[in-house]
Amino acid sequence: MKEHIIDLPKKIVIGEGVINKTPSYLQELGISGRILVITGPNVYNIIGKSFVDMLAEKGFYVDYKTVQSAHIDVINSIINEFKDAKVNAIIGLGGGKCIDTAKYVSFKLNKPFISIPTVASHDGVASPFASVKGLGKPTSVKTKVPLAIIADSKIIAKAPYRLLASGVGDVIAKFTAVLDWRLAHKLKNEYYGEYAASLALLSAKHVLCYADIIRRGDEKAVRIVMEALISSSIAMCIAGSTRPGSGSEHLFSHALDLIAPKPALHGEQCGVGTIMMAYLHGRDWRKIRNTLKKIGAPTTAKELGIPDYYIIKALTIAHKIRPERYTILGESGLTWEAAENLAKTTGVID
Ligand code: ZN
């Protein structure tokens, strides 16, 4: 057996007002002194400033940076600024861009990373994988497992509902991701971990079961989606790759990001991709579509705001995004006609 190392987060806190307890969580983790907070300009105005002040009042020496994108140039400038600073931890406070930037910076500086998401729109909030622009690839890169995740349901519930619904799309994607993983195992003898696969599927089933509650968009809904996002991230930590969380539906979403004039949210695109890939796998795609409808996530090209042409085009190029990742799309992908039929049959396009 080859060595298989599993890195997991040490502390996961979900609940109302938990952000205010950050200083004591940091102390419990043995972190003191200088801390770097990476956040966004809007988040800083709304909660970031008082967060930084709170840490300072509790005796931490806090630097903060606001970022508008997770671009490698932005990341490198932060790395250069702080490479000789004696920073003991890096906190990502905000949405995907802040979290991804903080994750990558902490990876490069080899410092503990703490994730404090303000939205539940995708599973990057808890996983070791980051989407970084400017690296020349649309997929995520492996970085660092968060030492802690502090998810304040009160703050996340205040974010637009669309973001939460998008998070559900990213969780539902685990259905086809796991099917693709199994297929790659059977056809390509790729490593497959039953436990990680089961855990990822459990996350997807969790949101399927609680669709009615999620639709309310309240704190309870946030808790359900956040738990599912975190447990699917844990599945990826256990597998050591994004395999349990990302299959052909993600390739479709990455393809849309490359070609669509105005891509939709990551989780929204993955949700629609899951409907179509479930059809290809011969699974109950209607159930997935109905759940997405129930929670108010997009299920059609129109609802994504993407013209039909790009949906079909994305389906035909998705297999090229990450050739080493074998999925139901196979090695040669879908023909234009097959892609069009698939999108029509599943009601994604008219
Ligand atoms: Zn995803």
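Is Asn110 buried or exposed in this model?

1. The model is predicted, so local features are given where pLDDT is at least 70 and side-chain atom pairs where pLDDT is 80 or more, whereas totals for chains, interfaces and linings use all residues. Residues are numbered from 1 along each chain as its sequence is written, and side-chain values use heavy atoms, with hydrogens and water left out.

2. Asn110 is exposed, because its relative accessible area is 58%; exposed means over 50%, buried means under 20%, and partly exposed lies in between, with a 1.4 Å probe and protein chains only. Asn110 sits in the loop between helix H4 (96–109) and strand S5 (113–117), where helices (H or I, at least four residues) and strands (E, at least two) are DSSP runs numbered from the N terminus. Although Asn110 is not a glycine, its phi is positive, about 55°.

3. Asn189 belongs to the loop between H7 and H8, and it counts as exposed because its relative accessibility is 64%.

4. The largest nonpolar core holds 46 residues, of which Ile214 and Met226 touch the most other members; such a core is a set of buried Ala, Val, Leu, Ile, Met, Phe, Trp, Tyr and Cys residues joined through side-chain atoms within 4.5 Å. Among the elements that give two or more residues to this core are strand S8 (148–152), helix H6 (161–172) and helix H10 (219–239), and H10 gives the most, with 12 residues. Leaving aside neighbours within four places in sequence, Met226 is in contact (heavy atoms within 4.5 Å) with Ile14, Pro117, Ala120, Val125, Ala151 and Ile156.

5. Ala200 is part of helix H8 and counts as buried because its relative accessibility is 0%. Not counting residues up to four places away in sequence, Ala200 touches Lys174, Val178, Ala235 and Pro244. Ala200 and Ser233 are 33 residues apart in sequence, while their C-alpha atoms are 8.1 Å apart in space.

6. Lys65, which is found in strand S3 (residues 61–66), is partly exposed, with a relative accessible area of 23%. When residues up to four places away in sequence are not counted, Lys65 touches Leu36, Val37, Ile38, Thr39, Ile78, Glu81 and Phe82.

7. In helix H16 (residues 336–345), the residues Ala339, Leu342 and Ala343 are buried. Seen down the axis of H16, the buried residues fall within an arc of 95°, so they line one face of the helix; the arc is that of the directions from the helix axis to the C-beta atoms. The cover over the buried residues of H16 includes H12 and helix H15 (308–321), and H16 is followed by Gly347, whose phi is positive, near 75°.

8. The second largest pocket has a volume of about 290 Å³ and is lined by 17 residues, of which Asp7, Pro128, Thr143, Lys144 and Val145 lie nearest its centre. The lining residues of this pocket divide into 11 nonpolar, three polar and three charged. On a 1 Å grid over the protein atoms alone, where a 1.4 Å probe is used for cavities, a pocket is an open set of points with protein on both sides within 12 Å along at least five of seven lines, and lining residues have an atom within 4 Å of a point.

Key: Grid points are joined across faces, edges and corners, and a volume is the space filled by probe spheres set on the points. Ala, Val, Leu, Ile, Met, Phe, Trp, Tyr, Cys and Pro count as nonpolar, Asp, Glu, Lys and Arg as charged, and the others, Gly among them, as polar.
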